[in-house]
Amino acid sequence: MRRSGGIVVCFLLVALLPALSLGDIPKPPSLGGGKKDKLKTEKLPPCKACTVLVNSFRDGIKRTERAKHDGGDAAWEEERLGSYKTSELRLVEIQERLCQDVVRGEDQCHQLAEEYESLIEEWWKSHQTDQPDLHRWLCVEQATVCCPDGFYGPSCTPCPSCFGNGKCKGNGTRKGNGKCACDEGYGGDNCDSCAAEYYEAFRDESKLLCSQCHKACAAGGCTGAGPNACRVCRSGWTMDVARGGCVDVDECVKEAPCSGQQFCVNNEGSYSCLECDKSCDGCNGDGPDVCDKCAQGYEMRDGMCTDTSNEKRNQYATFTRYLTYLGLCIATCIVLQNSTWLAALVGLAVAVYISVSEYWLNTAPQQPAA
C-alpha cells in the first residue's frame with residue numbers, strides 16, 4: 001500500500017508541475033509598450049501639464065454626474081444631487097481615477113495632482129460656484145503657469161490681433177514673445193499683408209483675405225487672379241508682350257525633348273514623354289497607326305503596323321508539315337514495295353491521317369498572337 005500511495009503522489013506532482021512552472025514564466029510585453037511608456041513619462045511644458053490635469057478632473061466631474069441620479073422623484077433627486085455635488089465622497093471618487101485617462105505625460109499629471117491637491121480641495125469646497133472655471137483659478141491665478149486666452153509671457157501681456165490671420169506666440173502661456181506666427185499666404189508683423197505669390201482678394205478695416213497667384217506666376221507675384229495678372233512668369237511659361245500675362249510654352253514643338261521611342265505631350269507649364277507602341281520605330285502619338293515606321297516583325301497594312309511574325313511562323317509550320325507528309329508517303333512506298341495491297345492499305349491510312357490532320361488544323365480556333 002505504501003508503494004502504491006507513493007506512486008499516486010508522484011503522478012500528482014507530475015500533473016501539477018506544468019501549472020506551477022507556467023505561473024513563474026513572465027508574460028511577454030505587449031506590442032507597442034515602449035511607445036506607450038515613452039508617452040507616459042513625457043515631460044510637458046508647465047501650462048500644458050496643468051491643462052492636462054484640469055481636463056482629467058473635468059472628465060471626472062462629468063463621469064460622476066452620469067453615475068448618479070438616474071431617475072425617480074425629481075424633488076428628492078435634486079436635493080440629493082445638491083448635497084452630492086460638492087461632497088467629499090464625490091471628490092474622492094474623482095481623485096481615485098484622476099490622470100488615468102491621460103496618454104501623454106501621465107506620470108507628470110499624477111505628480112501635479114499631489115502637488116496641487118490642497119488647491120484642488122480648496123476650489124472644490126469653496127470656489128465651485130463663484131469661480132467655476134477651474135483652469136483659470138488653478139493654472140492662471142494660483143499656480144501662475146498659464147495666462148488667459150489672448151495673453152502671453154510672465155506678466156500675461158495682451159497679444160496683438162494678428163489681423164485674424166495668425167497666432168500669437170505664447171498665447172495662453174507664460175512663455176513666448178507675443179509675435180504673430182502668420183498663416184500660410186500672409187506676412188508682416190501683424191499678418192496684415194500678403195506673402196509672396198499671393199494677392200489681396202479682399203480687405204477691410206478688420207479683415208484681410210489673400211489668395212494664391214496662378215501657377216504660371218513666379219516669385220515676383222501677381223496683381224490678381226489668373227495667368228494674365230502675373231508680374232513674372234514661371235519656367236514653362238512666357239510673357240505675352242501684346243496681351244500681357246503669361247502663356248504656356250509648347251515644349252513639344254519648341255524643343256522636341258523626348259527620345260526616338262517616345263512621343264511628347266504638352267502640359268500646362270511642362271511636358272511629358274510617353275512610350276511609343278511596341279509596333280513602332282519612332283512615333284508622333286499613341287497607337288500603331290501613328291508610327292513613323294514599323295518596328296522589326298511588323299508591316300504597314302491599311303495605315304497600321306501589323307504583326308507579321310505569327311504569319312511567318314504559320315507558313316514555316318505548314319511547309320514543315322507537308323514535307324513530313326511527303327516523307328511519310330515515300331517511306332511507305334519504299335518499305336512496302338513488294339506488297340501492292342499492303343502498300344495501298346497503308347497509303348490509304350496515311351491519306352486519311354493527313355486529311356483529318358489538315359481538317360482539324362483549319363477548323364480549330366486560332367490563338368491570338370502574344
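Residues are numbered from 1 along each chain as its sequence is written, and side-chain values use heavy atoms, with hydrogens and water left out. Because the model is predicted, local features need pLDDT of at least 70 and side-chain atom pairs count only at pLDDT 80 or more, whereas totals for chains, interfaces and linings use all residues.

**Exercise 1. The nonpolar core**

Solution: A nonpolar core is a set of buried Ala, Val, Leu, Ile, Met, Phe, Trp, Tyr and Cys residues joined through side-chain atoms within 4.5 Å, where buried means under 20% relative accessible area, exposed over 50%, and partly exposed in between (1.4 Å probe, protein chains only).

**Exercise 2. α5 against α7**

Task: Describe how the axes of α5 and α7 cross, and which residues make the contact.

Solution: Axes are lines fitted to C-alpha atoms, for helices over the stretch in contact, and angles run from 0 to 180 degrees between N-to-C directions. The axes of α5 and α7 come within 11 Å and cross at roughly 140°. This makes α5 oblique to α7, since angles under 35 degrees count as roughly parallel, over 145 as roughly antiparallel, 65 to 115 as roughly perpendicular and the rest as oblique. On the α5 side, the contact (heavy atoms within 4.5 Å) is made by Glu-88, Arg-90, Leu-91, Ile-94 and Gln-95, and on the α7 side by Glu-117, Ile-120, Glu-121, Trp-124 and Lys-125.

**Exercise 3. α7 against α8, and His-127**

Task: Determine how α7 and α8 are oriented, and whether His-127 is buried or exposed.

Solution: The axes of α7 and α8 come within 11 Å and cross at roughly 135°, and the two helices are therefore oblique to each other. In their contact, Leu-119, Ile-120, Glu-122, Trp-123 and His-127 of α7 meet Leu-134, Trp-137, Leu-138 and Gln-142 of α8. His-127, which lies in α7, counts as buried because its relative accessibility is 16%. Not counting residues up to four places away in sequence, His-127 touches Glu-122, Pro-132 and Trp-137.

**Exercise 4. Loop residues**

Task: State where Cys-99, Cys-156 and Ala-295 are found, and which phi values Cys-99 and Cys-156 have.

Solution: Most residues other than glycine have a negative phi. Cys-99, in the loop between α5 and α6, has a positive phi of about 75° and is buried, with a relative accessible area of 0%. Cys-156, in the loop between β1 (151-152) and β2 (157-158), has a positive phi of about 55° and counts as buried at 16% relative accessibility. Ala-295 is found in the loop between β12 (270-275) and β13 (298-301), and its C-alpha atom is separated by 5.3 Å from that of Ser-279, 16 residues apart along the chain.

Notes
Helix = DSSP H or I, 4+ residues; strand = E, 2+ residues; numbered from the N terminus.
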